[in-house]
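Try each task before you read its solution.

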Amino acid sequence: MNGTDLTAVLPLLILTVAAVVVMVAVCIRRSHLLAVWLTLAGLAGAFVSLWTVATVAPIQVTPLLVIDGYALFYMGLIIAATFVTVILAYGYMEKQQAYREELYVLILTAALGSAVMVASNHFVSFFLGLEVLSVALYAMNAYLCNRKLPLEAGIKYLVLAAVSAAFLLFGMALIYAQLGTLQFGQIASMLIGGVSYDKTLIYPGLALMITGIGFKLAVVPFHMWTPDVYEGAPAPVAAFVATVSKGGMVALLLRYFYETGAYRLHSVFLVFSIIAIASMIAGNLLALLQNNVKRILAYSSIAHLGYMLVAFLAGGDRAAEAVTFYLVAYFVTTLGTFGVVSVLSNGERDADSMDDYEGLFWRRPILAGVFTLMLLSLAGIPLTAGFVGKFFLIAAGTSASLYGLIFTLVVTSVVGLFYYLRIIVAIYKTPAEVVTTVPAALPALSRSGNLALAGLTVLLVWIGVYPGPMLDVIQHAVSTLRIF
Amino acid sequence: MLHLLWLIPAFPLASFVVLATLGKRMPRKMVPVFGAGSIGLSAVVTSLVGFSFLTSPPPGNSFTQVLWTWIDVGGFRPDIAFYLDALSLVMVLVVTFVGFLIHFYSAEYMGEDEGYSRFFAYMNLFVASMCTLLLGANLLLLFLGWEGVGVCSYLLIGFWYRKPENGLAARKAFIVTRVGDTAMTLGLFLLFDKLGTLNIQDLMHQALVQWPVGSTLPVVAGLLLLGGAVGKSAQLPLQTWLPDAMAGPTPTSALIHAATMVTAGVYLIARTHVLFSIAPQAQLAVAIVGAATLILAGFSAITQSDIKRVLAYSTVSQIGYMFLALGVGAWSAAIFHFMTHAFFKALLFLGAGVIIESLHHEQDIFKMGGLRKEMPVAFWTFLAGACSLAGLPLITAGFYSKGLIIWDTWSSTRGSSVLWVAAVLGVLLTSLYTFRLIFLVFFGEMKTKVHKRPGFAMMMPCVVLAVLSVVGGFVDTPEFLGNIHSFSDFMHLALPPITERPLRGMTEIGSEALVTLVFLIGLGVSYLLFIKRRDLAEAITAPAIAKALHRFWYTDWGMDWLYERVFVRPIVWIARVDKSDFIDYIYSGIALITELLYHGVRRTENGRMRWYAAGIAAGSIIFLTIVLFL
């Protein structure tokens with residue numbers, strides 16, 4: 001490892017150091033504000049360092065990590081999403097009766113794991129990143145351990161993630177046993193390059209890896225944990241699970257299947273098609289008459305990952321762009337929706353029941369407006385980021401003639417509209433006691449949370465109306481992906 | 001300087017956002033600062049842009065400012081771009097200047113209203129949309145503005161929403177214009193589909209290259225666009241919404257339903273004049289619609305008793321003149337009349353607002369009278385506007401613009417003597433109803449006491465507009481009266497001049513003299529009936545046939561009655577009869593199946609971890625089977 005290599009992994013180093021610094025700071029003096037500021041500073045530092053790293057990219061650092069434009073873009077995305085999560089968590093944790101500061105150590109560690117995943121082109125770094133992320137998440141889900149639901153969520157996530165990790169490892173082992181390499185590039189040259197190999201080992205290996213990947217992405221049939229965990233986990237943590245954790249895995253999914261060329265194999269295509277169709281249908285159906293907003297968001301995220309897989313299956317540069325763009329839009333909206341939930345939650349319970357949102361407009365018009373926008377974006381209504389994202393997905397799908405998948409996407413989106421509108425209708429319903437409600441009686445919202453929501457709203461509309469700049473950045477980043 | 005163009009719609013839009021979000025919290029005094037100030041800034045920017053356009057004309061006498069590309073997919077590439085040429089410059093100038101005066105007036109007129117900031121927010125949004133409509137370089141942006149002004153019109157007609165009839169009027173306006181908009185949307189689709197671009201200038205060029213004169217496609221496209229235009233501009237057969245639209249606050253009537261929005265149809269046709277020039281049949285339809293409207297609305301105006309409804313019918317009639325001008329290819333004459341009409345009609349509405357406000361919200365002209373001495377400033381300004389409307393020869397703007405249209409109707413190759421007769425008959429009607437209004441409101445004995453006098457903010461715009469209504473016409477005069485052509489020359493940078501046919505038996509001076517004569521007849525008859533011999537007026541309307549005719553005209557030729565029976569009732573009837581047909585079962589069936597499916601899949605989420613783990617295992621086994629055996 002020389003100086004250039006160290007520069008290249010600067011963001012990872014900064015995140016690591018930040019986690020240690022926050023931990024030490026907590027030991028010295030418990031101060032919520034201090035911990036948050038240190039965390040934010042670490043994240044900001046890591047984000048800024050991306051520009052320094054860009055000067056040496058693309059570069060392979062040890063056989064494990066590749067730092068290219070693609071990795072840098074996804075790192076930026078993950079760090080930014082973590083930044084927003086921390087801001088939301090600050091306002092949320094202020095209301096809780098618990099030790100608050102350790103959460104940020106966990107968040108930083110999880111972000112580090114996710115950042116390793118997006119830069120990995122080797123099974124070892126793949127698994128290492130995944131486990132760093134997962135282990136931190138076990139604790140984060142159960143962070144409010146004096147409540148019943150978070151504990152349940154933590155245990156469920158722990159057991160099921162361990163099960164799926166076992167599948168993943170076994171799959172990797174099968175592939176290694178046959179090909180004798182753990183490096184994506186070398187796998188590609190053997191898989192596609194005409195070297196003869198035993199399909200009865202490679203194919204099951206790929207299938208078992210899909211189990212592990214599918215679990216993290218929460219797609220059917222590995223999705224069943226999602227609603228329970230989303231419902232149980234504290235709202236900012238749920239936001240983190242939905243964005244950073246899934247985003248890292250999406251980046252890895254694209255890199256792994258595109259760089260090894262495995263996406264060209266017919267059986268892989270078939271498996272992912274089934275997963276995509278099942279996820280779109282099941283996700284949207286499950287959310288239909290659900291009355292818990294966090295569970296609705298969980299089901300909707302299952303459907304959204306299904307949509308993303310449609311473009312993923314299209315293959316090629318355009319597809320990677322479409323998936324990445326959709327992911328950005330999904331990040332913004334998901335953080336926004338969970339942001340609203342966190343802002344409205346109190347020290348006893350999260351604001352996840354439909355009743356919490358009934359007539360929200362008449363109590364908090366601006367917050368209700370933000371929530372409406374976020375939901376419309378999830379539904380894919382024009383002038384929001386979600387619309388442009390979905391547009392690119394469909395464009396990528398049609399260019400590869402995946403009409404069956406596109407058809408499912410469109411039809412299930414219509415079903416999706418129903419439950420988003422259900423929430424919106426509840427928001428604008430006039431409560432009977434609207435006149436008697438005294439605005440002053442409402443609990444104060446955290447200013448930091450409002451700030452984060454305002455930023456997300458601006459971003460949402462900006463990407464929806466003027467997607468050009470974001471698209472340019474993504475095109476530039478994805479072009480560094482070596483697609484076989 | 002031309003690069004400031006985007007600021008013209010941006011200022012009102014920004015002010016709309018501020019007023020809509022913070023309007024209720026800001027001090028009342030600040031509301032007009034934003035509301036009227038933003039329009040003032042727009043007007044200043046427009047003047048700067050206009051000055052630069054005149055002093056150093058851009059190449060090709062047009063300037064396009066591309067702000068950004070909205071999306072770019074498969075040949076569909078709408079830019080967010082503004083296009084400035086002589087046509088849009090003149091229209092934007094009028095919209096921002098007259099708009100500013102009306103906003104200024106509203107600061108006082110709406111001063112007591114509880115919806116003060118809401119009013120200004122809507123009005124600002126309107127101006128922003130109107131400027132977008134006029135400046136949009138492609139049909140998509142034009143359509144955005146078109147729908148934007150429609151929404152604002154709806155919101156402002158129903159501004160006092162607590163009265164159900166205002167809501168009904170708003171709905172009527174929205175739905176009737178929607179009929180036209182549907183035709184227009186189809187026209188836009190047709191143009192995009194056949195010519196493959198949305199940029200208006202490219203579109204016109206393509207149309208000229210690809211379509212032979214008189215072929216079917218341009219005629220169909222032209223007629224569909226005309227459908228949109230008659231809806232928005234309240235022309236036959238969709239004019240029924242405008243008189244009811246007077247339910248809105250008077251400044252709204254002045255700005256939206258007289259000076260600017262209702263002329264959007266005129267703009268649309270002028271903007272796509274190339275299309276109409278290769279579709280002579282469609283252009284003839286424009287002329288016929290205009291001629292018929294101006295006469296029918298003129299008759300209706302004579303019988304109205306509500307001051308605002310008289311003016312509303314007069315607006316319909318005057319826009320009929322503009323359509324007539326467009327139909328005979330007198331493009332610049334139409335825009336000239338648009339400009340002068342904006343001045344005098346805005347003035348008349350503002351004047352009417354002054355009168356209504358002073359008389360305890362009395363709108364019936366038969367309960368007014370004798371206001372000449374009571375309110376001299378209001379009288380003189382109103383008189384200036386009315387004379388301009390009726391076309392008092394030599395010294396009013398209306399005389400020159402209307403005279404030009406009438407003369408062009410005669411002299412253009414696309415004109416005809418029938419259209420010309422209709423236009424001259426229109427002058428008689430205009431003169432009749434205008435002076436009827438003047439004599440009833442300002443002369444005779446006083447019937448309602450003046451209880452409050454308007455202040456500076458309300459009278460200043462009236463005075464300015466009165467001056468413009470008089471001198472605004474001197475930019476373009478006939479050959480025998482100075483022969484000034486600066487307005488026409490300027491318009492010819494964007495719109496072609498008329499093609500004259502060989503003249504037979506009539507000269508410009510003869511036409512103008514005849515118009516003057518007809519004007520005087522109208523004035524004389526009015527004087528006779530409403531000042532000298534009131535008993536004569538009653539004698540004329542006494543017989544049963546006259547009463548029936550009066551009623552017929554009063555109800556706008558029974559148009560509402562007819563539509564109610566031909567369209568509304570049958571459709572409501574069908575809807576009621578067909579309420580539970582099988583088609584509904586399909587949809588409710590789908591909903592039911594989806595619901596059942598939900599209850600089915602929900603069972604998989606039972607909260608048991610062992611079941612979840614089993615799911616993961618089962619999924620893996622299925623996929624293993626697939627990859628191994630398929």
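**Exercise 1: a residue with positive phi**

Ser401(A) sits in the loop between α17 and α18 (403–428) of chain A. Helices here are DSSP runs of H or I with at least four residues, strands are runs of E with at least two, and both are numbered from the N terminus. This is a predicted model, in which local features need pLDDT of at least 70. Residues are numbered from 1 along each chain as its sequence is written, and chains are lettered from A in the order in which they are written.

Solution. 

**Exercise 2: Leu383(A)**

Task: find the loop of Leu383(A) and its phi.

Solution. 
1. Leu383(A) lies between α16 (365–379) and α17 (385–399) of chain A, in the loop.
2. Its phi is positive, about 75 degrees, although Leu383(A) is not a glycine.

**Exercise 3: a helix residue**

Task: is Ser332(B) buried or exposed, and which residues does it contact?

Solution. 
1. Ser332(B) belongs to helix α15 (residues 331–358) of chain B.
2. Ser332(B) counts as buried because its relative accessibility is 9%.
3. Leaving aside neighbours within four places in sequence, Ser332(B) contacts Phe487(B), Ser488(B), Met491(B), His492(B) and Leu495(B) (contact means heavy atoms within 4.5 Å).

Technical notes
This is a predicted model: local features need pLDDT of at least 70, side-chain atom pairs count only at pLDDT 80 or more; totals for chains, interfaces and linings use all residues. Side-chain values use heavy atoms; hydrogens and water are left out. Buried means under 20% relative accessible area, exposed over 50%, partly exposed in between (1.4 Å probe, protein chains only).
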